[in-house]
Every structure is written in structure tokens, then in C-alpha cells.
Amino acid sequence: MKFVRQFGAVLLVVAAVTALGVAWEHSSAADWITPPGSSTATKLSDHGRVVRGGGIIRLPPGAHPPPGAVQGHVIYVDTNAVQLDLSDIGNLTSTAEIVVAAMAGVIVLEITRRRVWRARRAARLASARAARCSQALSRRDG
Amino acid sequence: MDDIGGGGLTQVRPRASRRQLPVGTRLDFWLDVVIMVSYIFAYSYGFTGDAIHEWLGLALGLVLLVHLTLHWDWVVRTTRKLLGRRGHDRVIWLVNLALLFGMTLCIVSGIVISRVALPSLGFFLTSNLFWNRLHILTAEITLGLVPVHAALRWRWIAGVGRRLLTRRAGGPGRDLR
């Protein structure tokens, strides 16, 4: 029951972030990532065809486009092409290298931070101990 | 991963280092490993191609919902105590928040621009340049944040990983007490 409740809360948060994304698209702040004039027809490598002035509709081969679909806004996609491109394994290894390098960098920073913190704490404790000793000595002598 | 020291699902007690790990901790660990490996594969678009990239991305979205749910206690607790917390916890909280935004927008924009997965499920969404650019931007941001998110908890990962591997080396299901 707790899991379901928490899952519902997570879905709400995700829905809120999605709503922010949609609001971003419709606000003037969308120009940050799509500057004015950049909506001309382009062929984006790997990320689909973008058609001038609006959205694109993707259909499986042989399907009929819905009524009212603008010619040129419809692309046909073969959904059966499920295979790895082994010739491009360098793409996978370079991603893994970026992840490993970033992790290593953060771990080194973490270890350094913890060592500095421990050294400072040890110095603080040592000075406090020295102060206590000197107080005790002065009390005994006085 | 975020519950270390917090008395939650995934807490690893130093004194119990030779005992069998709780089921919740093991689930947490392997789920994190699956998410990390899946993300690396999904990001390597040239290697996976359209179909695997999209299906993996959708699966990753579902697993991330479970991941977030398993750590929801930590999210609530840390958010409430944010002002009184140490700087380190605040950094982790901010990284996690940025990752939540980045990952959610990446997966949502991926769904909107889907060319294979969604059409094969019978959904035909219209997309535009904004969602294409947002997908690329958030994917690059999350590629930077995912390793930071994992590395900030490297002690937990190393501790649990070592115990899991030690237990395996000792034989299946064998208790090392």
C-alpha cells in the first residue's frame, strides 16, 4: 500500500515536470533551444525529419495518413528493424568512457573532500586537547 | 542508493558486513546497475539504432519510476530537512533534482519524437523541432549527471558490490557468518 501511495506521488511529480516541459514549448523561452528561423526543413541526423512549419506524422509502411494530413509531413517508418550496429561499437565505448571518467573525477573529489574534512577535524580536536591540557596545568600550578 | 545512513530500505550496517544483505538492498543495487547499463546503451544511439534506442528508453522510464518510488522516503526526508543539512547532502539533493528534470524531459521528449516504438503501439504523435532539440539537450545533460549521481554514493555501491561478490564467491546462498 505504501509503495502504491509513493508511486502515485512519483507520477504526480513526473506529470508536473512534463507539464513544465509543455509550458516551455508554448512560451517565449522555447527560443532558447529553437531560435527563431530554425524551424526550416532540416534533416537532423539520428533524430528524425523535421518539416517546415509544423509537426510530422509517422506511420508504419502501407498505412494511410489521417484525413487532413499535410503532404510532406508524413513519414513512413519500418518498425521491424531491430538490430545492433556492431560497426558502431565505438559509440557505445565512448559513452561508457565518458561515464567512467566522470564517475572517477567525482570519486577523487569526494575522497579529497573527506580527507580535508578529517584533517581539519583532527586539527580541531588536537588544539582543543592542547587547550584543555594547558588549562589543567595552569590550574595545578596556580 | 540514497538511503545510506538514513535507516531506510537500503541501509548497510557496518556490523552486519558478514551477514546476508537484505532483499531490499540487493534489489536496489541491481536495479541501479540495470539503470546505469541501460542508460549507457540507450545513449549510444549509433550502436543501438532507432528501435532498440526507443524501446530501451521506454523501459528505462518505467524502471526509473520504480527507482524513484523506492527512494521516495529519502526525497521527502531530505527535502524537509534541507535547511538544516550538511552541504554535501544539499549537493546530492540538487544533483538528484536536476537529474529528475533532465531524465523526465528526456524520456517525455523521446516519446513525443518516437519514430518506432509509439507508432508500433498505435500512437501517432506529432512532434516539432522543440522536442527534437529538447531530447538532445536533456540527453547530454543527463549523461553528465548520471555518473555524478552514482559517484556521490560510491561508498554504498562499493560496499554492497563487495559484499554481493564476496557472497557469490562463497557459493550460492551461503551465509558467511
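This is a predicted model: local features need pLDDT of at least 70, side-chain atom pairs count only at pLDDT 80 or more; totals for chains, interfaces and linings use all residues.
Student: How many of the residues in chain B are buried, as a percentage?

Tutor: Of the 177 residues in chain B, 41% are buried. As a general idea, nonpolar side chains in soluble globular proteins tend to be buried together.

Student: Which residues touch the most other members of the largest nonpolar core?

Tutor: That core has 36 residues, and B:Tyr39, B:Tyr43 and B:Ile107 are the ones that touch the most other members. Two or more residues come from each of several elements, namely helix H2 (89-141) of chain A and, in chain B, helix H1 (23-43), helix H2 (45-70), helix H4 (87-112), helix H5 (117-120) and helix H6 (129-151). H6(B) gives the most, with 9 residues.

Student: Which residues does B:Ile107 touch, if those up to four places away in sequence are not counted?

Tutor: With those left out, B:Ile107 touches B:Gly57, B:Leu60 and B:Gly61. For chain B as a whole, if we take the contacts between residues at least 6 apart in sequence, 64% of them join residues at least 24 apart.

Student: How should I describe the way H1(A) and H2(B) cross?

Tutor: Two packed helices are described by the angle between their axes and the distance between the axes. Here the axes of helix H1 (residues 2-26) of chain A and H2(B) come within 9 Å and cross at roughly 115°, and the crossing is right-handed. On the side of H1(A), the residues that meet H2(B) are A:Phe3, A:Gln6, A:Phe7 and A:Val10, while H2(B) contributes B:Leu65, B:Leu68 and B:Thr69.

Student: Which elements of chain B have the lowest and the highest mean pLDDT?

Tutor: The pLDDT expresses the predictor's confidence in each residue, and among the elements of chain B the lowest mean, 82, belongs to H5(B), whereas the highest, 92, belongs to H6(B). Over the chain the average is 81, and 81% of the residues score at least 70. Residues 1-11 of chain B have a pLDDT below 50, although this stretch has 31 contacts in the model beyond near neighbours in sequence. Residues 173-177 of chain B are also below 50, with 8 such contacts.

Student: What ipTM and pTM does the model score?

Tutor: The model scores an ipTM of 0.78 and a pTM of 0.74.

Key: Residues are numbered from 1 along each chain as its sequence is written. Chains are lettered from A and ligands numbered from 1 in the order in which they are written. A residue is buried if 20 or more other C-beta atoms lie within 10 Å of its own, exposed if 12 or fewer, and partly exposed in between; C-beta atoms are placed from the backbone. Two residues are in contact if their C-beta atoms, placed from the backbone, lie within 7 Å. A nonpolar core is a set of buried Ala, Val, Leu, Ile, Met, Phe, Trp, Tyr and Cys residues joined through C-beta atoms within 7 Å. Helices (H or I, at least four residues) and strands (E, at least two) are DSSP runs, numbered from the N terminus. pLDDT is the predictor's confidence in each residue, from 0 to 100. Axes are lines fitted to C-alpha atoms, for helices over the stretch in contact, and angles run from 0 to 180 degrees between N-to-C directions. A crossing is left-handed if the near helix is turned anticlockwise from the far one by less than a right angle, and right-handed if clockwise.
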